[in-house]
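Please keep the sequence and the structure in view while reading.

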Amino acid sequence: MEYYSLTLQEALRRLEAGEVSSVALTESVLARIDAVEPAVQAYLALDREGALRQAEQADIARKKGQAGPLCGIPLAIKDVLCTTSMPTTCGSRMLEHFVAPYDATVVTRLAQAGSVLLGKLAMDEFAMGSTSENCAFKVPRNPWKPGYVAGGSSGGSAAAVAADECFASLGSDTGGSIRQPASLCGTVGMKPTYGRVSRYGLVAFASSLDQIGPLTKDVRDCALMMNVICGHDPLDSTSLDRTVPDYTEALQDGLKGIRIGIPREYFGQGLDPEVDAAVRQGMAMLKDAGAELVEVTLPHTDYCVAVYYLIAPAEASSNLARFDGVRYGFRDRSADSLIEMYNKSRSRGFGDEVKRRILIGTYALSSGYYDAFYKKASQVRTLIKEDFARAFAACDLMVSPVAPTPAWKIGDKADDPLALYLSDILTLSANLAGIPGMSVPCGFSGAGLPIGMQLQAAHFNEAVLLRAAYNLEQRAGVVGKKPVLA
Amino acid sequence: MKITRDEVRHVANLARLDLSEAEVDRMTGQLDAILTYVAKLDELDTAGVAVTTHTQQVVNAFREDEVRPSLPREQALANGPEQNGESFVVPRVIG
């Protein structure tokens, strides 16, 4: 077995036992990237020399007995997280040459844990999209089927993990952008509670919704990554000062005494029969593990897409106002006046989907429309939040599909933005309510495409998600299944 | 129609975006479909419902007002498309 195909925990075990060096692990992953990257297209930047240098340092640290919790493990991150060692493009022409003057807090935490940073992963421009096709530089591919989307917006983060091009990755999730690509590529993905992980150095899309989280090969790897990235950060005023448990302690066999809610609205019209069947099989496995299944209701589910596609663009239009061609980013040099410079720089720097969302958001916030759109959406958001509070009074977590369908062909939905927005219906509400959500592989379609199950819990209950996910994983028989590449 | 071509031009101007005529056409159609869809929120009576702008119960995160190191000017200017070592340079604002 090649080193690159190991799970993070197994690679760590071998490092601890002295059976392998970080340099050997890193060389193995770099060779894997060379072999499969032409087919996967996950990396926007790869820092070979930096990675090997960090690996050497990790090996020295381990010999000295100074190994951090991820010492010597090669990882990669979504290109929305600021790094001083490589450009941070956000998948946009606007930031094509931008090198951040500081590292994101999660980047610092991963470095302090001793991990090796391989590179930066492809994504929809400014994290806006559900397929990663909005990336200005390359479109990551689903490792399970040539020509199929990896999902989005953290498509590169999911594809790289599924293709064994890193041991784990980080993504960001504003409306499903970790969970949906994880589901489509057959990896584990966690969107933690809003405030659980510092967002300092995450380029902002929608500030009341954005959250950083891991994509991993299995559930234990997810817990190991969570242990490192979670926690309060004085540099992010929205990060919360709550104790971080050792998430690996949640990985116990059996779910006796756990009540799992089935939100009936999540199994409605438009759900692919194969996804429905795989998720229902997963539910039966959770029941076998000792959980009690109860039906719950989230009556305002049907309004989530409308609420989200007003609030997220409104916040985005405000956040992206900073890209004006003055302090960083693309500038059109043909303009004679300041206003013309703003207009031309933004029009040439941003892609179509970003412009579309800026226009929706600006409209929803503009004089005369604010009450009818933004305020109304923010009120319905309260109703959605209350739905979850009521549901979690009756259960410890909820399970559902992540996406209504398995992955589809690149280009198939590219011309119909509304149809694509509607496919986010099952993941958006966790962001609107600020609760944690997770995607765990539970089966495959007849065409061989992965299907994930979504787990959602109340604020700060990531541990119960990991526990249920671990029990599903033990029973679903999908661990260790790999796509055939190169 | 929920939104007209002129409104799209107006909003684009507010957002500092230049749109070609073809873009105005395409965006008007797409924004109209999206705004027609989101109008389903009108089905709900939200009189008296508080707005949610933040999902956690947090108040201002204050800290002591202490002088701390900040980004050196050279680094702050490093990504500027045009700068003179002291300031960002922009096209003339006052004639």
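This is a predicted model: local features need pLDDT of at least 70, side-chain atom pairs count only at pLDDT 80 or more; totals for chains, interfaces and linings use all residues.

Two strands count as paired here if DSSP finds at least two bridges between them.

Q: Which strands of the open sheet of chain A stand at the edges, and why is one side of each left without a neighbour?
A: The sheet has 11 strands with mixed pairing, in the order β1-β3-β2-β4-β6-β5-β10-β11-β9-β7-β8. Two of the strands have a single partner strand each, so one side of each is left without a neighbour in the sheet. These edge strands of chain A are β1 (43-46) and β8 (292-296).

Q: What angle does the direction of helix α7 of chain A make with that of β6(A)?
A: Helix α7, residues 219-229 of chain A, packs on the sheet and touches β4, β5, β6 and β10 (437-444). Its direction makes with that of β6(A) an angle of about 145°.

Q: Which helix of chain A gives the most to the side that touches chain B?
A: The contact between the chains involves 52 residues of chain A and 42 residues of chain B. On the side of chain A that touches chain B, α9, α10, α11, α12 and α13 each supply at least two residues. That side divides into 26 nonpolar, 15 polar and 11 charged residues. With 10 residues, the helix that gives the most is α12(A).

Note on methods:
Residues are numbered from 1 along each chain as its sequence is written. Chains are lettered from A and ligands numbered from 1 in the order in which they are written. Helices (H or I, at least four residues) and strands (E, at least two) are DSSP runs, numbered from the N terminus. Two residues are in contact if their C-beta atoms, placed from the backbone, lie within 7 Å. Axes are lines fitted to C-alpha atoms, for helices over the stretch in contact, and angles run from 0 to 180 degrees between N-to-C directions. Ala, Val, Leu, Ile, Met, Phe, Trp, Tyr, Cys and Pro count as nonpolar, Asp, Glu, Lys and Arg as charged, and the others, Gly among them, as polar.
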